[in-house]
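Please keep the sequence and the three-dimensional view at hand while reading.

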Amino acid sequence: MVIENTGQYRGVYHVLGGKISPINGVGLTKLNITTLLEKLKQGGVTKVIIAMSNTIEGDTTIFYIYKQINGTSIKLSTIIS
């Protein structure tokens, strides 16, 4: 909400709905990662900013997305909390 309240961000949001956590039974099918990757494949996206907690699960989720877009022209940035 802090970023939104500045009025400076002009992008589109995509909510993953959580982070990859096999120990808690949260895999790719329970998250919106596939829909994110489908949107990215359609083109027009130059940068993805991921806001994620600084945990093993958060790092795993970021790394998975990074591996999926690696080799494309899409840049990946993170906001770690």
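The sections below treat the basis of the model, its core, its helices and a few individual residues.

## Basis of the model

The structure is a predicted model, in which local features need pLDDT of at least 70 and side-chain atom pairs count only at pLDDT 80 or more, while totals for chains, interfaces and linings use all residues. Residues are numbered from 1 along each chain as its sequence is written, and side-chain values use heavy atoms, with hydrogens and water left out.

Helices and strands are DSSP runs numbered from the N terminus (helices: H or I, at least four residues; strands: E, at least two).

## The nonpolar core

A nonpolar core is a set of buried Ala, Val, Leu, Ile, Met, Phe, Trp, Tyr and Cys residues joined through side-chain atoms within 4.5 Å. Buried means under 20% relative accessible area, exposed means over 50%, and partly exposed lies in between (1.4 Å probe, protein chains only). The largest such core here contains 14 residues, and those with the most contacts inside it are L16, I33, L40, I50 and I65. At least two core residues are supplied by each of α2 (33-41), β1 (47-52) and α3 (56-69). The largest share, 4 residues, comes from α2.

Contact means heavy atoms within 4.5 Å. Once neighbours within four places in sequence are set aside, L16 is in contact with L31, N32, I33, L36, M52, T61 and I65. T61 belongs to helix α3 and counts as buried because its relative accessibility is 0%. Not counting residues up to four places away in sequence, T61 touches L16, K19, I20, I33 and M52.

The residues I33, L36, L37 and L40 of α2 are buried. They lie on the same side of α2, because they cover an arc of only 95° around the axis (the arc of the directions from the helix axis to the C-beta atoms). An α-helix has 3.6 residues a turn, so residues three or four places apart point the same way. The buried residues of α2 pack against β1 and α3. After α2 comes G43, whose phi is positive, near 90°.

The axes of α2 and α3 are 11 Å apart, and the two helices pack at an angle of about 30°. This makes α2 roughly parallel to α3, since angles under 35 degrees count as roughly parallel, over 145 as roughly antiparallel, 65 to 115 as roughly perpendicular and the rest as oblique. Axes are lines fitted to C-alpha atoms, for helices over the stretch in contact, and angles run from 0 to 180 degrees between N-to-C directions. The crossing of α2 and α3 is right-handed; a crossing is right-handed if the near helix is turned clockwise from the far one by less than a right angle, and left-handed if anticlockwise. Where the helices meet, I33, L36, L37 and L40 in α2 face T61, Y64, I65, Q68 and I69 in α3 as contacts.

## The loop between α1 and α2

Three residues illustrate this loop. S21 lies between α1 and α2 and is buried, with a relative accessible area of 4%. Leaving out residues up to four places away in sequence, S21 touches V26 and E57. P22 is also placed in the loop between α1 (2-6) and α2, but P22 is exposed, at 69% relative accessible area. P22 and E57 are 35 residues apart in sequence, with 8.7 Å between their C-alpha atoms.

G11 is likewise found in the loop between α1 and α2, and G11 is partly exposed at 37% relative accessible area. The C-alpha atoms of G11 and T60 are separated by 24 Å, the two residues being 49 residues apart along the chain.

## A residue of strand β1

I49 is found in strand β1 and counts as partly exposed, with 45% relative accessibility. Apart from residues up to four places away in sequence, I49 touches S77 and I79. I49 and I62 are 13 residues apart in sequence and 10.0 Å apart in space, C-alpha to C-alpha.
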